[in-house]
Amino acid sequence: MKESVGWAPSLIPDSPRTTDQIEFHSIYIKKSTMDKAPAIETRDLTIRFGGNIAVNEVSLVFEEYHLKSIIGPNGAGKTTLFNLISGQYKPTSGRVYLNGEDVTGLDPASRTKLGIGRSFQLTNIFPTLTVLENVRLALQSKVDVGMVFWHHWRSYTELEDRAYDLLKQVLLEDRWRYAASTLTHGEQRKLEIAILLGLDPAVLLLDEPTAGMSIEEVPAILEIIQDIKAAHNRTILLVEHKFDMIMTVSDTIAVLKEGQLICDDTPEAVSNNEKVQAAYLGGGVKHG
Ligand SMILES: Nc1ncnc2c1ncn2[C@@H]1O[C@H](COP(=O)(O)OP(=O)(O)OP(=O)(O)O)[C@@H](O)[C@H]1O
Ligand SMILES: [Mg+2]
């Protein structure tokens with residue numbers, strides 16, 4: 001399991017504390033919480049493709065352990081924004097910060113190492129490997145093979161157990177022994193989330209995790225995302241078109257239209273926002 005912040009408990013001595021010590025600790029913790037940089041921040045992030053500005057001066061703050069959804073009509077720039085955050089695209093101008101550090105110049109692999117994990121609008125799995133092997137490989141890639149690997153995972157079985165636990169988390173454990181190619185589209189999307197969790201990212205970018213799913217499969221994905229959120233150890237960025245789902249799961253919602261940020265607020269405020277309603281074909285936000 002991902003460990004929670006380790007320093008705070010270690011500051012507290014085992015021996016009986018004086019009032020001063022207690023006061024000192026509470027001040028220290030309060031100050032650190034206040035000073036903490038957001039998990040992700042974009043400042044004036046912009047990318048042009050020829051004459052088309054796909055993302056236009058977008059400044060957004062993603063608070064740690066919060067779930068912010070990005071919504072907007074087709075072509076609004078949602079996937080492009082994810083590509084800029086994960087490093088697949090380099091911005092024309094503007095910056096990306098991870099925990100307050102400027103990561104704009106870093107490639108996707110370096111950003112993954114620092115804790116940015118993303119799923120794609122299209123699935124990204126090894127079809128001939130079993131479901132369990134797909135997740136095991138993700139876990140394995142997280143740690144270097146060799147000493148570090150064996151320090152971390154005492155045995156191969158332990159690694160497989162962990163992979164199986166992740167499959168349970170995405171409600172896919174009964175399919176563990178099947179080739180990934182035999183999964184339904186919805187099951188593949190769940191596997192993709194398990195693979196992503198195997199990489200143990202602090203920041204999770206989910207691009208349309210319900211894309212192409214049948215309506216019956218959607219509640220399971222919602223449940224999985226809610227479980228990840230409830231664990232309160234990852235920041236989640238979610239792109240989705242299913243508005244009811246977005247309203248249920250989001251702490252905040254950012255709305256893009258033609259590359260520009262038109263609103264960033266609570267779900268309730270966003271659903272009542274006139275600019276947002278106008279952006280959706282002038283006829284209010286579509287539910288479903
Ligand atoms: N590599 C690229 N080259 C040229 N144009 C691009 C590229 N990537 C994205 N675009 C353009 O940027 C704009 C935003 O596309 P993007 O895929 O980010 O939209 P989206 O909000 O994710 O849409 P959807 O809801 O359909 O997934 C579109 O006009 C798209 O054609
Ligand atoms: Mg997209």
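In α9, the residues I221, I224, I225, I228 and K229 are buried. Seen down the axis of α9, these residues fall within an arc of 135 degrees, so they line one face of the helix. The arc is that of the directions from the helix axis to the C-beta atoms. A residue is buried if 20 or more other C-beta atoms lie within 10 Å of its own, exposed if 12 or fewer, and partly exposed in between, with C-beta atoms placed from the backbone.

This is a predicted model, in which local features need pLDDT of at least 70 and side-chain atom pairs count only at pLDDT 80 or more, while totals for chains, interfaces and linings use all residues. Residues are numbered from 1 along each chain as its sequence is written, and chains are lettered from A and ligands numbered from 1 in the order in which they are written. Helices (H or I, at least four residues) and strands (E, at least two) are DSSP runs, numbered from the N terminus.

Stay with α9. On its other side, P219, D227 and A230 are exposed. The helix covers residues 218-230; at 1.5 Å a residue, its 13 residues should span 18 Å, and its end C-alpha atoms are 18 Å apart, which agrees. The expected span is 1.5 Å times one less than the number of residues. What covers the buried residues of α9 includes β3 (67-71), α8, β7 (203-207), β8 (235-239) and α10 (243-249). Contact here requires C-beta atoms, placed from the backbone, within 7 Å. Just after α9, H232 takes a positive phi of about 55 degrees.

One of the elements over α9 is β8. How many of the residues of β8 are buried? The count is 5 of 5, so β8 is largely enclosed by the rest of the structure. In a regular strand the side chains alternate between the two faces of the sheet. In β8, both faces are covered: T235, L237 and V239 are buried on one side, I236 and L238 on the other.

Now look at the partners of β8. Two strands pair if DSSP finds at least two bridges between them. β3 and β8 run parallel and are joined by 4 bridges. In that pairing, I70 stands opposite V239. β7 also pairs with β8 in the parallel sense, over 5 bridges. Here D207 stands opposite V239.

Turn to α7, residues 156-169. Its 14 residues reach 20 Å from first C-alpha to last, close to the 20 Å expected at 1.5 Å a residue. The buried residues of α7 are L159, A163, L166 and L167. Seen down the axis of α7, they fall within an arc of 105 degrees, so they line one face of the helix. An α-helix has 3.6 residues a turn, so residues three or four places apart point the same way. The buried residues of α7 pack against α5 (131-142) and α8 (185-198). The face turned away from them carries the exposed residues T157 and E158. Just after α7, L171 takes a positive phi of about 60 degrees.

Next comes an open sheet. It has 4 strands in the order β2-β1-β4-β5, with antiparallel pairing. Its edge strands are β2 and β5 (101-102), each pairing on one side only. β1 (residues 40-49) and β2 pair in the antiparallel sense over 7 bridges. I40 stands opposite F62 in β2.

Two residues in this region deserve a look at their backbone. Most residues other than glycine have a negative phi. D44 lies in strand β1, yet its phi is near 50 degrees, a positive value in a residue other than glycine. D44 is exposed, with 12 other C-beta atoms within 10 Å. Y65 lies in the loop between β2 and β3. Its phi is positive, about 70 degrees, although Y65 is not a glycine. With 15 C-beta neighbours inside 10 Å, Y65 counts as partly exposed.

Last, the ligand. Which residues surround ligand 1? They are F49, N52, A54, G72, N74, G75, A76, G77, K78, T79 and T80. A residue is near a molecule if its C-beta atom, placed from the backbone, lies within 6 Å of it. β2 (52-62) and α3 (78-86) each supply at least two residues of this shell. The largest share, 3 residues, comes from α3. The shell divides into 3 nonpolar, 7 polar and 1 charged residue. Ala, Val, Leu, Ile, Met, Phe, Trp, Tyr, Cys and Pro count as nonpolar, Asp, Glu, Lys and Arg as charged, and the others, Gly among them, as polar.

How values were computed: Two residues are in contact if their C-beta atoms, placed from the backbone, lie within 7 Å.
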